Amino acid sequence: MTNQTTLQRSLKPSWVFAMALGSAVGWGAFILPFTWATTGGLLGTFIGFLIGGAMISIIAVSYGYAIEKLPVTGGGVAYALASLGRLHGFIAGWALTLGYSGIVALNASAVTLVFRVTLPEFIMQWKLYSVAGWDIYLPEVLIATLFIVGFAVLNASGAAISGRFQYFAVLTMLVSVGIILVCSLYYLIIDQPVLPPAFPENVAPWSAIATIVAFAPWAYVGFDTVPQLAGEFKFSPKKAFSLLMWGVIAATAIYLAMMLSVSVAVSSERDSYAELAWPTATAIADMMGKGGFILMVIAVSMGVLTGLNGFYASSSRVLYTMSNAGMIPRIFGRLHPTFKTPVYGIAFVAALCLITPWFGRSALLWIVDMTSVGIAIVYFYVCFCAYKIAKQGKVFGMSSEVTPSPAHKVIAVLGCMFSLGFLCLLLVPGSPGQLTAPSFIALVFWVVLGVVFYLSLRSSYLERTDEQILEAVFNENTSHS
């Protein structure tokens, strides 16, 4: 059975936009602004996010172009397969599976962080042990487990249910951020507090900006969930470009709104907040009252839950496409008989994530940090696929040839360069975004595991004919005209 005849086309444009924005904006937007004031300064953070957002937007243009020409489930896997062949298709799938699954687990752990701040007496009891300096408590493990299982069930119950949840959760988050921003601007105009310095002391402006730019691959990961779901669009794939761009723009606006709001709230009293568990929320509460703290809890909760939902959906579709192509066992390509969702892929992601609460957030962050490498690699694959389409007018899997586009070819080349630049920021020693030693070790282990996995299935994968790959992965492309 092919993608075209199984997955249901039930996703509306507003739901897909919510998938992109909700996946891109997570807990970091509501917890990290206090840290950014130290590492990037107010102006440095603003410039860094504008540059990072612009770079991601260039990459997003190539995503939109590739989706329009190849509107198939699996996104990055299909584009790497179409433009560079089967080995690269597997590499893209391996990168996305671990990257997206890791972020599901990270969002589940972020749920427990919210409980740590709001209900510390309940959460921080019955300590089990510590891992890498992080104390692990039984209530936290149980809560994370509950949310991992709960969102697995939500995703397995149909793309329409998942889409509706995402839309209303994102809307709630936007309203919360909007109220916080309006109140902070009012406070800024009326009380005129002293804002943090434009750049940190004893730090070169370019270095402060580069530190924030290096955060971009992690800050915006999630906008790329859109192509993973392209086979379920209930609208023309030509709309994907605008949905992607608005997703990136809205994510940038939220990051900058929270940075400005927290800077206004903290003012010159940074030292008094430095040792608090959640300084951003405490500062907003001091400025707005108890209502400010409630808004922060709502906003971060919606950011975390939309990440859980969005990455569950995208990771399961990646596994579904890999299975259809023959890269992994066939069971991952089977769908629920009623809801038409890749239920085995969802269950597999849940099983992986259920392990992580027992190792604590510190160890999990090592894994998530290194997954940025995989995401940057997939950015390159998608931009390269867009380049080949723009240059040649056709790649493997396309049902018909299109007119080459010099403009998209230039943009795709820029996207490839930016993707490689993100990789350098993560891997080159001494760069602002260099991986820590534990993250690098996790990366090496992940690569080795991928090599072993590929070699174990290589013969059956390569034995499949091009016609079989075309039918299994790209056949749904013919349903759009």
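User: Which helices do the buried residues of α11 pack against?
Analyst: The buried residues of α11 pack against α4 (33-39), α5 (42-69), α12 (216-220) and α20 (406-427). Contact means heavy atoms within 4.5 Å. The helices are DSSP runs of H or I with at least four residues, and strands are runs of E with at least two; both are numbered from the N terminus. This is a predicted model in which local features need pLDDT of at least 70 and side-chain atom pairs pLDDT 80 or more, while totals for chains, interfaces and linings use all residues. Residues are numbered from 1 along each chain as its sequence is written, and side-chain values use heavy atoms, with hydrogens and water left out.

User: Which residues of α11 are buried?
Analyst: In α11 (residues 205-213), they are Ala208, Ile209, Ala210, Ile212 and Val213.

User: Why does serine 263 count as buried?
Analyst: Its relative accessibility is 3%. Buried means under 20% relative accessible area, exposed over 50%, and partly exposed in between (1.4 Å probe, protein chains only). Serine 263 is therefore buried. This residue lies in α14 (residues 240-266). Leaving aside residues up to four places away in sequence, serine 263 touches Leu42, Leu195 and Pro196.

User: What does the side chain of serine 263 reach?
Analyst: The backbone oxygen of methionine 259, at 2.8 Å. A polar contact is a pair of N or O atoms within 3.5 Å; within protein, one must be able to donate a hydrogen and the other to accept it, and residues adjacent in sequence count only if both atoms are side-chain atoms.

User: What makes aspartate 466 and arginine 86 a salt bridge?
Analyst: Their side chains meet at 3.0 Å, N to O. A salt bridge needs a side-chain nitrogen of Lys or Arg within 4 Å of a carboxyl oxygen of Asp or Glu, so the pair qualifies. It links distant parts of the chain: aspartate 466 is in α22 (residues 466-474), arginine 86 in α7 (residues 86-118), 380 residues apart. Aspartate 466 is partly exposed at 43%, whereas arginine 86 is buried at 15%. The structure holds 5 salt bridges.

User: How do you know that arginine 317 forms a salt bridge with glutamate 232?
Analyst: The closest N and O atoms are 2.9 Å apart. Arginine 317 sits in α17 (residues 290-325) and glutamate 232 in the loop between α13 (225-228) and α14, 85 residues apart. Both are buried.

User: Why are strands β1 and β2 called paired?
Analyst: Pairing takes at least two DSSP bridges, and 4 join β1 (residues 127-131) to β2 (residues 134-137), so they pair. The strands run antiparallel. Serine 130 has aspartate 135 as its bridge partner in β2. Aspartate 135 also forms a salt bridge with lysine 127, at 3.2 Å between the closest N and O atoms.

User: What makes the nonpolar surface patch?
Analyst: Leu128, Tyr129, Ile355, Trp358 and Phe359 form it, with about 480 Å². Patch residues have over 30% relative accessible area and no salt bridge; like charges are joined within 9 Å, nonpolar side chains (Val, Leu, Ile, Met, Phe, Trp, Tyr) within 5 Å. Areas come from the Shrake-Rupley method with a 1.4 Å probe; for residues, only the protein chains shown count as cover. Isoleucine 355 has 45%, so it passes the area cut-off.

User: Why does glutamate 463 count as exposed?
Analyst: Its relative accessibility is 62%, so glutamate 463 counts as exposed. Glutamate 463 is in α21 (residues 437-463).
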